[in-house]
Structures are given as structure tokens and as C-alpha cells.
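Please keep the model open as you read.

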Amino acid sequence: MNKTLLTIALSGSIFLIGCKGENGVTQPLTQIPEEDIIAKVNGTPIGKKSLEYITAEAAQRNRGAKIPEDRLLEDLISRELLSQEAERKQLQKKPDVTAALHMAQQSILSKAAIGDFIENTTITDAQIQAEYDTQVGGMKSTEYKARHILSKTEEDAKTIVKQLDKGANFAELAKEKSTGPSNKTGGDLGWFTPDRMVPLFSEAVIALKKNEYTKVPVKTQFGWHTILREDSRQKTPPKFEEVKEQVKQTLQRKALQDHLTKLRSEADVVIVEKKVEEPPAAAPASTSEVDTPPVQTPASTTETPAVTTEK
């Protein structure tokens, strides 16, 4: 079977693992109550839960767009017809189909196990508050607002400083002299925390006072910077109620990870290592290849000293 087609088919299917009925078709292990049956295909029932599942699946795939129920039911019937045909042809015995069915069943059951664990694990408000106090509440940092003028050489940067000393407007000078894209906004870097910048740049900004610029150009891998610190402010953490749900989810993930660690420690897990055959020896390199020096990669010409993209 074409693996791409197999992947597409399985990604949208509902897997019912069960036993063979009289017509050779797999029957669900859980019997569907008569009042919940909405269709039968060669005697195999389709229940309301299957329709609910495919409805949710379609809504997610179509970004909330509602699909008519009759179309979804026809899809379920088509899936059942194709599934029955596959079983008549014994396609479930093919290695790739067997593996895909196993992975699908494993995925569904593992999600069910996670859901069951979360549902039966109590995270108290006291635990959430303690986690918030530890991880969020005490997180106070300073944000800085700065401009900079990037020069290609130290001499150019020193010339910039001299012009500023004579009263030149920093933003106008940045528009005229800066070699990077922020020249369009007068070198404005907006608000940032020190961790977003390369260390030398951040250290220079922190050392400056409000409305003070660097008298000595700062060199980084991006070039030579003349920096103006415009302002600073305290960045306060979000309030408890604003992040309570996220903190709870963090604790749930930690609890689940601890649970998995416990399951792993109690399980008999054997990883079978396959012997890797050594590749044949490569032919000796020619003299020209050995003597040729490596090509040097050109240095980045990106202007911003920020780890992330410049504002």
C-alpha cells in the first residue's frame, strides 16, 4: 500500500479494536446500545459517539467551520465500507498496516491514560500559589529603551561620538549614518530586557544613565555601536489570577513526568542495540584536496545585537 495514502487514511480514521463477527467483519468490543445506533453497515453498527468524534475532528481540521451532519455520517459509512473491504482482503496482516494500526491504538490509549491521570490527580490552590511564588511572583527585572548607531569601523564610530558631543541629534544621526535597518527609525530598539541582547551591548546599556550615550564605541560581532539609553522601567510579573491556569498545567505536567519516571523504573525495558556495519574505507584524498585551505564563512552583516530579531 502507498505509505502516503496509508498515513492519510489512518490519520482520519476511528479505530475499533475487537473480534470477528459472523460476516468476517471486526465487531467493537463495547456493544453499542440500540438507542445509540445511527446506522448499520452490513450489520456492523455505527453509534452516536463515532459521529460526535468525527464532528469534533472535522471542526478542528476546518477551524471551527460546521460540516453538515449528513455529510459526516456518509463519511463514517464510507470509512466502514472501506474498513470491511480491507479486512476481507486481509490487509490488516500487511506489516505496514499492522504497524500503523498498532501506533494508532497506542496513541489513543496513551492519550486516554494521560487524561485519566490528570483527572485523578488533584492540584490544590495552595500548590499553585507556592509554584507561582517560586517561579513567577519573584520574577522582577528591568527593561531598557535604547537607540544605537551601528558603524562598520571604530574610526567611523568615534566620528559619530564627536558629532554627538557637538550637539548632533542622535535619532537624526542614526538615520543618516547607521549601517543597519534600524536607521529608518532613528536607531530605535524599543523596550528590551538584557537577556535579549549580546552581553557586551547589555552591559553598556545598564552602565549608562537616562539620556546618556556611550563615549567609547562598543564592539560586538555585528560592528561598532554608539548607544543611547533613553529610559528604563521595572517589569512586573503577571498577577496570580492571570496565570493560575498556566501554573496549574505546569504542575500537572510535572506530576505526569514523575508518573512516567515511576512507570519506567518499575517496567522491564530492554533496548535492543543493532550492530552497525562499518562503511568501506574512503579512497585517499588527493594532494590538492589536502593542501586546499578551508573556505571561510563570511561574518554575519546582521545589525541588531539582540538574540531575537530587532524591533
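A salt bridge here is a side-chain nitrogen of Lys or Arg within 4 Å of a carboxyl oxygen of Asp or Glu. By this rule, the count comes to 18 salt bridges. Before we visit some of them, please note that this is a predicted model, in which local features need pLDDT of at least 70 and side-chain atom pairs count only at pLDDT 80 or more, while totals for chains, interfaces and linings use all residues. Residues are numbered from 1 along each chain as its sequence is written, and side-chain values use heavy atoms, with hydrogens and water left out.

Start with arginine 233, which forms a salt bridge with glutamate 143; their closest N and O atoms are 2.8 Å apart. Because arginine 233 lies in strand 9 (residues 223-235) and glutamate 143 in strand 5 (residues 141-151), the pair ties together parts that are 90 residues apart in sequence. Helices (H or I, at least four residues) and strands (E, at least two) are DSSP runs, numbered from the N terminus. How accessible are the two partners? For accessibility, buried means under 20% relative accessible area, exposed over 50%, and partly exposed in between, with a 1.4 Å probe and protein chains only. Arginine 233 has 39% relative accessibility and so counts as partly exposed, whereas glutamate 143, at 13%, counts as buried.

Strand 9 also holds threonine 226. This threonine 226 is buried, with a relative accessible area of 0%. Which residues does threonine 226 touch, not counting residues up to four places away in sequence? With contact meaning heavy atoms within 4.5 Å, the neighbours of threonine 226 include Arg147, His148, Ile149, Ala157 and Phe170.

In helix 9 (residues 240-266), glutamate 266 and lysine 262 lie four residues apart, about one turn of the helix, and their side chains meet in a salt bridge at 2.8 Å, N to O. Glutamate 266 counts as exposed at 55% relative accessibility, while lysine 262 is partly exposed at 47%. In helix 7 (residues 170-177), lysine 175 and glutamate 172 are three residues apart, again about one turn of the helix; the closest N and O atoms of this salt bridge are 3.9 Å apart.

Now turn to Glu57, Arg61, Asp75 and Arg79, which are linked in a network of salt bridges. Look next at helix 2 (residues 48-61) and helix 3 (residues 69-88), whose axes come within 10 Å and cross at roughly 110 degrees. Axes are lines fitted to C-alpha atoms, for helices over the stretch in contact, and angles run from 0 to 180 degrees between N-to-C directions. Angles under 35 degrees count as roughly parallel, over 145 as roughly antiparallel, 65 to 115 as roughly perpendicular and the rest as oblique. Helix 2 and helix 3 are therefore roughly perpendicular to each other. Their contact is made by residues including Leu51, Ile54 and Glu57 of helix 2 and Leu72, Asp75 and Arg79 of helix 3.

Finally, visit two loops. Most residues other than glycine have a negative phi. Asparagine 42, however, has a positive phi of about 55 degrees; this asparagine 42 lies in the loop between strand 3 (37-41) and strand 4 (44-47). Asparagine 211 has a positive phi near 65 degrees and is found in the loop between helix 8 (199-207) and strand 7 (212-213).
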